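Dear colleague,

I am passing on the structure below, and after it I have set out what I found on going through it. Please read the notes with the coordinates open beside them.

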Amino acid sequence: MTSPPSRAGRHCHAALNPLHSLLYFSPELPREMAALGIGEQTAAYLATRAAPLGRVGAGAVSAVFYSFRPGLVARHLPAVWERARPDAVIEARLRAADGVLRRLLGDRAVESPQMAEAAELALRAATGCRPHGRPLYAANADLAIPHDPHLRLWHAATLLREHRGDGHVAVLLREGLDPAEAMISHAASGHGQHPAWLRETRGWSEQEWNAAQGRLRDRGLLAADGRLTEDGVALRKAIENETDRLDRAPYETLGADDVARLTDLAAGFALTAAKAGAFPSEVMG
């Protein structure tokens with residue numbers, strides 16, 4: 001029995017997203033960004049992900065990224081564009097993606113028929129995405145599709161990731177979770193990244209983090225031991241279900257059989273990458 005389109009889309013996202021996000025944990029990206037004059041890790045991440053938006057400032061990036069403390073973003077943007085143009089950053093991130101995928105997967109996998117098949121399935125799914133209300137997806141959708149299959153897959157994974165993420169932000173707003181509250185509750189669900197790593201990399205102070213935990217406790221969502229209450233579990237489940245609903249179009253476009261095939265292919269590549277050390281253990285909760 002196949003999964004409903006919304007649940008199948010979540011499974012496919014879970015398999016594809018690591019193929020995009022492994023870039024941010026790679027040594028290839030810092031090398032490429034340092035060559036452009038962007039040596040600080042947070043600046044490199046912000047520039048890499050924001051570059052498709054153009055020479056954008058801190059306010060817009062804080063809004064669309066959602067989880068970062070605005071003051072942290074303002075330390076790097078728009079100043080980073082004085083060191084490297086957005087189009088140069090886009091080229092650098094693609095070179096880094098090429099390097100890290102070849103290193104983690106090996107040339108045989110990168111050049112395999114399965115890679116080409118996965119790329120074309122993911123790109124076909126992305127044709128079902130719609131840009132309205134989804135700024136990060138729309139900005140990436142304006143970029144040229146790369147030629148090489150592994151980079152076509154990385155590009156498609158990026159489109160699908162940002163499409164889902166833009167919808168997720170809309171759901172968080174509807175449910176009244178601010179950036180710190182959203183991260184804390186997600187980490188407490190057991191499915192997110194490590195809370196200490198999230199707080200540090202997103203720029204929130206310990207005082208701000210503790211205050212957000214207090215607000216969640218006041219709403220009856222977080223227990224004193226840091227775990228979600230029954231209401232907290234229900235809210236996180238509702239958030240993910242609504243995110244699935246808003247993200248169903250790409251997977252309905254692809255169809256159940258091809259979604260299952262793409263999920264299997266992407267999961268295989270993602271597992272190989274993970275076994276090769278793509279993600280540091282301290283990141284995961």
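**Helix H2 and what follows it**

Just after H2, Gly-37 adopts a positive phi of about 95°. Please keep in mind for this and everything below that the model is a predicted one.

H2 itself spans residues 28-35, and its buried residues are Glu-28, Leu-29, Glu-32 and Met-33. Because these residues cover an arc of only 120° around the axis, they lie on the same side of H2. On the face turned away from that buried side, H2 carries the exposed residues Arg-31 and Ala-35. As for what the buried residues of H2 pack against, the partners are helix H3 (41-50) and helix H6 (86-105).

**Loops on either side of H5**

In the loop between helix H4 (58-65) and H5 sits Tyr-66, whose phi is near 75°, a positive value in a residue other than glycine. Tyr-66 has a relative accessible area of 12%, and because the cut-off for buried is under 20%, this residue counts as buried.

The loop between H5 and H6 holds Pro-78, and the peptide bond that joins Leu-77 and Pro-78 is cis, with omega at about 10°. Arg-75 also has its place between helix H5 (70-74) and H6. With a relative accessibility of 59%, Arg-75 counts as exposed. Its C-alpha atom is 9.6 Å from that of Thr-42, although Arg-75 and Thr-42 are 33 residues apart in sequence.

**Gly-203**

Gly-203 and Leu-72 are 131 residues apart along the chain, yet their C-alpha atoms are separated by 5.7 Å. When residues up to four places away in sequence are not counted, Gly-203 touches Arg-69, Leu-72 and Glu-208.

**Helix H8 and its two partners**

How do H8 and H10 lie relative to each other? The axes of helix H8 (residues 113-126) and helix H10 (residues 149-174) come within 8 Å and cross at roughly 30°. That angle makes H8 roughly parallel to H10, because angles under 35 degrees count as such. The crossing of these two helices, H8 and H10, is left-handed. On the H8 side, the residues that meet H10 include Met-115, Ala-119, Glu-120, Leu-123 and Ala-126, and on the H10 side those that meet H8 include Pro-149, Arg-152, His-155, Ala-156 and Leu-159. Sorted by class, the contact of H8 with H10 has 13 nonpolar, 2 polar and 2 charged residues.

Leaving aside neighbours within four places in sequence, Leu-123 is in contact with Ile-145, Arg-152, His-155 and Ala-156. The C-alpha atoms of Leu-123 and Leu-159 are separated by 8.7 Å, and these two residues are 36 residues apart along the chain.

With helix H16 (residues 256-275), H8 packs at an angle of about 130°, and the axes of the two helices are 9 Å apart. H8 and H16 are therefore oblique to each other. Here, too, the crossing is left-handed, as H8 passes H16. In this contact Gln-114, Met-115, Glu-117, Ala-118, Leu-121, Ala-122 and Arg-124 of H8 meet Asp-258, Arg-261, Leu-262, Leu-265 and Phe-269 of H16. By class, the contact of H8 with H16 has 7 nonpolar, 1 polar and 4 charged residues.

Conventions: Residues numbered from 1 in each chain as written. Predicted model: local features only at pLDDT ≥ 70, side-chain atom pairs only at ≥ 80, totals over all residues. Heavy atoms only, no water. Axes fitted to C-alpha atoms, helices over the stretch in contact; angles between N-to-C directions. Helix = DSSP H or I, 4+ residues; strand = E, 2+ residues; numbered from the N terminus. Parallel < 35°, antiparallel > 145°, perpendicular 65-115°, else oblique. Left-handed = near helix turned anticlockwise from the far one by under 90°. Contact = heavy atoms within 4.5 Å. Nonpolar A, V, L, I, M, F, W, Y, C, P; charged D, E, K, R; others polar. Buried < 20%, exposed > 50% of the residue type's maximum accessible area, 1.4 Å probe, protein only. Arc of directions from axis to C-beta.
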